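These are notes on the structure shown below. Please keep it open while reading the numbered points.

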Amino acid sequence: MGLDAELLSIMQCPSCGGSLTERTDPHRLVCDVCNLAYPVRDDVPVMLVDEARPDA
Amino acid sequence: MTDKTRKREFPYGWELAFAWCPPDDTAAKARATPDAAPETTSAEDDDQLQVTRRYDRMAWLYDVYDAPMEWLGTRRRRRRLISQVEGDVLEVGVGTGKNLPFYPGCRHLTGIDISERMLARARARADRLGITVHLQVADVTDLPFANNSFDTTVATSLFCSVGDPITGLAEVGRVTKPGGKILLLEHVRPLNPLLGWLADLATAITRRLFGFRANRRTEDNIEAAGLRIDRVRREGVWREIEARPGAGEPRLANKPRGE
């Protein structure tokens, strides 16, 4: 868990605009609406729809 | 990567000089061969993927090949533009972080770029300079931020490379607060018809070799994206632009002009 809380509060899913929740193992941001998981690699969120997968 | 694949990826001799890619490039490899390869739906997506791959490949040498532009005044222009930022700042197309030294202690700085390898260099530079910047891989035409999130949004030499600049500019307008600033430094298609025509010709090469177009009509695109231009400083083909989000809806139906 390393992302800035203030930044996370203004972030949204680039696919549907839903809010995001940070999860670990693996580190990722999951959309509360469409359940897409965006990987966080070395504390850098990869917010590309092509790189996202439905969260397990 | 087989030799055959490599040959297909580097069809241009000169590009080899800029395109050598270290073998440990897991990020670019993951992108090149995703688990379930997404179908490319349009020429635009394909264009954007090419841009991403090109910048991933060039990241290690980007600052070297960009150096002549720096000596020709780009550095001075970037410094002057960024001295105007206020409040919470987003830089789109932060690249290798060449602008980071110019941010005068802004409260909250976020940088996005489509290339993970460019961002790795930005991270190293920020650490060297002792600057706090939140970096993310993201696409300017699909920004992962809520409406009205930033006081200032900055882009330097970005909209010459983005496949769909009008959508990108409209996204910049969306995430910038009403009354906030949009600061852009861009080179554009020359106004002189002959030079403009030459820029059209040159673009066939620059687009392939470096991923940018020399003939973008960025001022027109800014207005087509529904932004308001407050001030423009013109020097040759360079434009230092201060704009703000428009009140109306962007006219996204317009095609980007100048290719």
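What share of the 56 residues in chain A do buried residues make up? Buried residues come to 50% of them; buried means under 20% relative accessible area, exposed over 50%, and partly exposed in between, with a 1.4 Å probe and protein chains only.

1. Basis of the note. This is a predicted model, in which local features need pLDDT of at least 70, side-chain atom pairs count only at pLDDT 80 or more, and totals for chains, interfaces and linings use all residues. Residues are numbered from 1 along each chain as its sequence is written, chains are lettered from A and ligands numbered from 1 in the order in which they are written, and side-chain values use heavy atoms, with hydrogens and water left out.

2. Fold of chain A. Chain A has one helix and five strands, in the order α-β-β-β-β-β along the sequence. Its radius of gyration is 10 Å, close to the 10 Å that the globule rule gives for 56 residues, so chain A is as compact as a globular protein of that length. Helices (H or I, at least four residues) and strands (E, at least two) are DSSP runs numbered from the N terminus. The radius is taken over C-alpha atoms, and the rule is 2.2 Å times the number of residues to the power 0.38.

3. Extent and contacts of chain A. The C-alpha atoms fill a box of roughly 25 × 20 × 15 Å along the principal axes. Of the contacts (heavy atoms within 4.5 Å) between residues at least 6 apart in sequence, 21% join residues at least 24 apart.

4. Charges of chain A. There are 4 positive and 10 negative side chains, and the centres of the two sets lie 8 Å apart. Lys and Arg count as positive and Asp and Glu as negative, while His and the chain ends are not counted. Each charge is placed at NZ of Lys, CZ of Arg, CG of Asp or CD of Glu.

5. Cysteines. How many disulfides does the structure hold over all chains? The number is zero, a disulfide being a pair of cysteine sulfur atoms within 2.5 Å. The sulfur of C34(A) has its closest cysteine sulfur in C31(A), at 3.6 Å, which is too far for a bond. C34(A) is partly exposed at 32% relative accessibility, whereas C160(B) is buried at 2%.

6. Backbone of chain A. The D25(A) to P26(A) peptide bond is cis, with omega near -10 degrees, and P26(A) sits in the loop between β1 (20-23) and β2 (28-31). D43(A), in the loop between β3 (36-41) and β4 (44-45), has a positive phi near 65 degrees without being glycine. Most residues other than glycine have a negative phi, and most peptide bonds are trans. D43(A) is partly exposed, at 47% relative accessible area.

7. Helix α8 of chain B. Is this helix mostly covered or uncovered? Nine of the eleven residues of α8 (165-175) are buried, so the helix is mostly covered. The buried residues, including I166(B), L169(B) and V172(B), pack against β1 (88-92), β4 (150-156), β5 (176-187) and α10 (218-224) of chain B.

8. L100(B). This residue lies in the loop between β1 and β2 (108-113) of chain B and is buried, at 2% relative accessibility. Leaving out residues up to four places away in sequence, L100(B) touches L109(B), A122(B), A126(B), L129(B), I131(B) and V133(B).
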